[in-house]
Amino acid sequence: MASIHVKFSASNLVIILLMMVIVFMVMFNECDNLDRDNLALRVQHLREQLQEKEMLLARAGQQEIGDHKERKSLRDQAENSENWGPHKLAILVPFRDRFEELMEFVPYMHKYLSRQRIRHHIYIINQMDHLRFNRASLINVGYIVSKKDCDYIAMHDVDLLPRNNDLTYRYDVVNEGPYHMASPELHPNYHYAEFVGGILLMKTEHFQLVNGLSNSFWGWGREDDELYMRMVEAQLKITRPLGITTGFDTFYHLHNPARRKRDKTRVGNQEKESFKRDKKTGLDTVLYDIRSTQELDIDGAPCTVLHVKLTCDITITPWCEIPEEVRKQVPKPAPKT
């Protein structure tokens with residue numbers, strides 16, 4: 001099982017421990033979409049990790065500091081080595097309660113990109129409010145944060161991993177326009193011509209040109225189809241991998257539909273509006289608050305977690321929450337026999 005190491009120095013360990021407790025106490029009050037018992041377990045788990053680190057530091061003296069410097073050197077090499085070229089990729093991962101997948105995703109992608117000598121940084125954009133999941137808005141937030149340091153992005157599902165080493169994330173694949181790596185010929189589930197979901201790479205200027213993604217898609221699905229309309233309207237050339245012979249086995253798909261129920265509920269005229277080109281919302285209208293930023297190492301692979309609270313404009317998208325009367329009508333899964 002992978003382990004998470006929170007960055008700290010020995011001198012301020014106690015302060016960090018107290019800060020962690022305070023942060024999670026605040027989350028108890030503000031994140032009513034999270035199960036409080038599970039959250040308490042996570043707090044306790046982090047406490048135990050910090051206490052274990054304190055004991056190791058006391059026993060090993062400077063050895064832990066040396067190990068930390070070595071890990072930091074490897075991380076800096078992946079992000080800043082001039083030998084790896086001038087461009088830097090931001091992996092943007094919209095996220096909510098997918099911890100098992102995250103523990104696999106970050107180390108796997110860090111190693112995959114490092115083998116290709118691609119400067120990169122992984123951003124996990126964690127939606128911590130009580131609203132329905134909004135993948136597109138989270139990507140918009142990730143772009144706003146990462147554009148200061150990266151010149152191209154990969155919009156990346158946390159449950160999709162490339163298993164064919166011929167798939168590349170190099171900057172040259174976006175020279176002509178957006179590059180849809182998880183193409184209909186390769187994605188295990190979606191095979192229609194307009195599909196651009198799963199993994200899509202874009203230059204930052206192209207993402208800016210189309211004004212990012214629509215913020216009107218609460219729940220599961222169709223935000224990628226609307227992005228396709230934006231790219232076509234902007235006359236961007238969408239390219240896809242060539243010469244890949246592994247077909248639908250090209251990716252590991254970690255999604256378990258029995259455990260991860262997708263929110264396909266449609267409220268009011270949400271279904272009708274989801275097929276339209278959204279002219280009202282996008283990168284320049286996303287409403288959000290980054291409540292905290294957390295630097296993590298998962299099995300030695302670094303990532304930045306942005307804990308984001310989205311805001312819904314109910315005059316535009318009243319379906320950002322499921323009304324109680326609709327929630328009661330959603331059929332419950334049949335009991336296992």
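Analyst: Tyr108, Tyr112, Tyr169 and Tyr252 make up one aromatic cluster. Rings of Phe, Tyr and Trp (for Trp, its six-membered ring) pair if their centres lie within 6.5 Å; planes under 30 degrees apart are called stacked, over 60 edge-to-face, and the rest tilted. The model is predicted, and local features need a pLDDT of at least 70, side-chain atom pairs count only at pLDDT 80 or more, and totals for chains, interfaces and linings use all residues. Residues are numbered from 1 along each chain as its sequence is written, and side-chain values use heavy atoms, with hydrogens and water left out.

The structure holds 8 aromatic pairs. One of them joins Tyr190 and Phe195: this pair is tilted, with 5.3 Å from centre to centre and 40° between the planes. Tyr192 and Phe195 form an edge-to-face pair, at 5.6 Å centre to centre and 65° between the planes. Buried means under 20% relative accessible area, exposed means over 50%, and partly exposed lies in between (1.4 Å probe, protein chains only). Phe195 counts as buried because its relative accessibility is 5%. Tyr190 is partly exposed because its value is 22%, and Tyr192 is partly exposed because its value is 34%.

Tyr169 leads on to the core. A nonpolar core is a set of buried Ala, Val, Leu, Ile, Met, Phe, Trp, Tyr and Cys residues joined through side-chain atoms within 4.5 Å. In soluble globular proteins, nonpolar side chains tend to be buried together. The largest core has 37 residues, and those that touch the most other members are Ile91, Phe105, Val106, Ile122, Ile124, Tyr169 and Leu201. Among the elements that give two or more residues to this core are β2 (89-95), α4 (99-115), β3, β4 and β7. Helices (H or I, at least four residues) and strands (E, at least two) are DSSP runs numbered from the N terminus. The largest share of this core, 7 residues, comes from α4. Another core, of 31 residues, lies apart from it, and includes Tyr123, Ala136, Leu200 and Leu310.

Contact means heavy atoms within 4.5 Å. Not counting residues up to four places away in sequence, Ile91 touches Phe105, Leu113, His121, Ile122, Tyr123, Ala154, His156 and Tyr169.

Ala154 and His156 bring in strand β4. From β4, Tyr152, Ala154 and His156 point one way, Ile153 and Met155 point the other way, and all are buried. Two strands pair if DSSP finds at least two bridges between them. β2 and β4 run parallel and are joined by 4 bridges; Leu89 stands opposite Tyr152. β4 and β7 are antiparallel, with 5 bridges, and Ile153 has Met202 in β7 as its bridge partner.

Helix α5 (135-146), β4 (152-156) and β7 (199-203) are among the elements that cover the buried residues of α7. In α5 itself, 10 of the 12 residues are buried. The end C-alpha atoms of α5 are 16 Å apart, which agrees with the 16 Å that its 12 residues should span at 1.5 Å a residue; the expected span is 1.5 Å times one less than the number of residues.

Strand β3 (residues 120-127) contains His120. His120 is buried because its relative accessible area is 2%. A polar contact is a pair of N or O atoms within 3.5 Å; within protein, one must be able to donate a hydrogen and the other to accept it, and residues adjacent in sequence count only if both atoms are side-chain atoms. The side chains of His120 and His110 are joined by such a contact at 2.9 Å, and the His120 side chain also reaches the backbone oxygen of Ile118, at 2.7 Å.
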